Amino acid sequence: MPDKTAIAARAKTLGFDAIGFARPTLTPAQAQGLRDHLAANHHGAMHWMATRADQRADPRALWPDAVTIISLGLSYAPDTDPLAGLANRAAGNISVYARGRDYHDIIKGKLKHLAQFIARDAAVKVFVDTAPVMEKPLAQQAGLGWQGKHTNLVSRAHGSWLFLGEIFTTLALEPDPPAADHCGTCHACLAACPTAAFPAPYQLDARRCISYLTIEHPGPIPEEFRAAIGNRIYGCDDCLAVCPWNKFASAGREQKLHHNPALVSPALDHLACLDDASFRALFTASPVKRIGRDRFVRNVAIAIGNSADPALTDTARALASDPNPVVAEAGAWAAARLASPAPSKRVRPTK
Ligand code: B12
Ligand code: SF4
Ligand code: SF4
């Protein structure tokens, strides 16, 4: 029967950067945090967050036989300034996590290999991202790091740049001690947010978050956030990038996550011309493909409106005639904004 040392050694061989072991339970405060988040509607249109909330709040409701959760982290720490692309307004900025191959596929493959190693002696299930599992609270329980004020898991060794995945197993393994919070008096992430998406430390109102607005939000992006989005066309890294714990992180080792040059500062006029086929071709194997051409080009139109580049006016006008009404509305907004640009601005907190 493999013990913790053998499992950790195999995980390292497979390329994981962090591992820890926990019981399949959240603390009452963590479960309550989920309920408060949902009650405040901070999940916006992500209705799937609420539909299986009981399973999210209690891993044993998801799989009653689970005895141990093995939490795993894979570093995607960049080797260049993650925010450098924000200054180039004629190009789009794709979040660091989406500039390489889709992490879901990479982590699931590694989790399955590790699970096979355990499956000789116990039942196993693997999860990454999409299951009703509270991955950050569980990773904190397993000692990988703590949930910082930006709500993501921060690791002393890897900063804010860990992807998370889990193996649930019937194997009884000694839990590791939970990680302690090392945010202290720092509030750099809260101050860095362009859209004031943190109503309080350790709480995120997803409806204000650029990551939510550009990836998860269907329909038109509310006008109040458009200027602050700048050229972020898929996701946002600002709160992660300013975390002082990143200075201890070495660049991620996983080659498949290394940035595809075509996805680093792609020209907005090129992206605006994508149809369904060319969108799928450009984003093959990338997480970006999940949002589809129309939502992506909607984001590109917002970035064009924020570019202050008169050379993009004809492109904006062309988008205003797009057959998709959400793209067309964003294109018209962009054309109008280029005609009388207001300075890009941060959004003030609502309270
Ligand atoms: C939904 C989701 C989102 C949403 C909402 C994010 C959020 N903070 O909830 C959106 C689309 C905005 C998002 C964005 C991003 N995401 Co995301 N996302 C998820 C997902 C699927 C679920 C997270 C979740 O359970 N949220 C619900 C809230 C309640 O849980 P929580 O954040 O842990 O909240 C705790 C506390 O903050 C507190 N709390 C929260 N709200 C409230 C409200 C009140 C009133 C109170 C009292 C307490 C409280 O209670 C909770 C329990 O302790 C996970 C994968 C998974 N299955 O876990 C990935 C995940 C969290 N995402 C991830 C990543 C990488 C990102 C982005 C960095 C991507 C990007 N660059 O654009 C951004 C980061 C934005 C940010 N600052 O959080 C990684 C994070 C890895 C890590 N090191 O932490 C995950 C784990 C995916 C993965 N497998 O690696 N994401
Ligand atoms: S990802 Fe961007 S918009 Fe979302 S909370 Fe962090 S800094 Fe704010
Ligand atoms: S930036 Fe500061 S407050 Fe935010 S998570 Fe990092 S250490 Fe914590």
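**Figure 1. Domain 1 and domain 2 of the predicted model.** The C-alpha centres of domain 1 and domain 2 lie 25 Å apart. The model shown here is predicted. By the domain assignment, domain 1 covers 4–88 + 99–169, and domain 2 covers 188–339. Their contact involves 36 residues of domain 1 and 40 residues of domain 2. On the side of domain 1 that touches domain 2, β2 (68–75) and α6 (103–119) each provide at least two residues. That side of domain 1 holds 14 nonpolar, 16 polar and 6 charged residues.

**Figure 2. The whole protein.** The protein contains 16 helices and 8 strands. Its C-alpha trace spans about 65 × 45 × 40 Å along the principal axes. A compact globule with 351 residues would have a radius of gyration near 20 Å; the protein has 21 Å, which agrees. Of the 351 residues, 46% are buried. Take the contacts between residues at least 6 apart in sequence: 77% of these join residues at least 24 apart.

**Figure 3. The shell around ligand 1.** Ligand 1 is surrounded by 39 residues. The closest are Gly33, His37, Glu135, Ser211 and Gly235. Several elements each give at least two residues to this shell: α2 (28–39), α7 (135–141), β7 (162–169), α9 (210–216) and α11 (238–241). Helix α2 makes the largest contribution, with 5 residues. By class, the shell around ligand 1 has 21 nonpolar, 12 polar and 6 charged residues. Domain 1 and domain 2 each supply at least three residues of the shell around ligand 1.

**Figure 4. The shell around ligand 2.** Around ligand 2 there are 13 residues. Helices α9 and α11 each give at least two residues to the shell around ligand 2. Both helices also each supply at least two residues of the shell around ligand 1. The residues around ligand 2 divide into 9 nonpolar, 3 polar and 1 charged.

**Figure 5. The shell around ligand 3.** Ligand 3 has 13 residues around it. Those that come nearest are Gly148, Cys183, Cys186, Cys189 and Cys243. By class, 9 residues of the shell around ligand 3 are nonpolar, 3 are polar and 1 is charged. Ligand 3 lies between domain 1 and domain 2, because both domains give residues to its shell.

**Figure 6. The largest nonpolar core.** This core has 95 residues. Tyr76, Val300, Ala301, Ile304 and Ala334 have the most contacts inside the core. Helix α14 (residues 292–305) provides the largest share of the core, 7 residues. Domain 1 and domain 2 each give the core at least three residues.

**Figure 7. The contacts of Ala301.** Ala301 is one of the residues with the most contacts inside the largest nonpolar core. Neighbours within four places in sequence are left aside here. Beyond them, Ala301 is in contact with Ala316, Leu319, Val327, Ala330, Gly331 and Ala334. Ala334, one of these partners of Ala301, is also among the core residues with the most contacts.

Key:
Residues numbered from 1 in each chain as written. Chains lettered and ligands numbered in written order. Predicted model: local features only at pLDDT ≥ 70, side-chain atom pairs only at ≥ 80, totals over all residues. Near = placed C-beta within 6 Å. Helix = DSSP H or I, 4+ residues; strand = E, 2+ residues; numbered from the N terminus. Nonpolar A, V, L, I, M, F, W, Y, C, P; charged D, E, K, R; others polar. Domains from an automatic or database assignment. Contact = placed C-beta atoms within 7 Å. Core = buried A, V, L, I, M, F, W, Y, C linked by C-beta atoms within 7 Å. Buried ≥ 20, exposed ≤ 12 C-beta atoms within 10 Å, placed from the backbone. Rg over C-alpha atoms; globule rule 2.2 N^0.38 Å.
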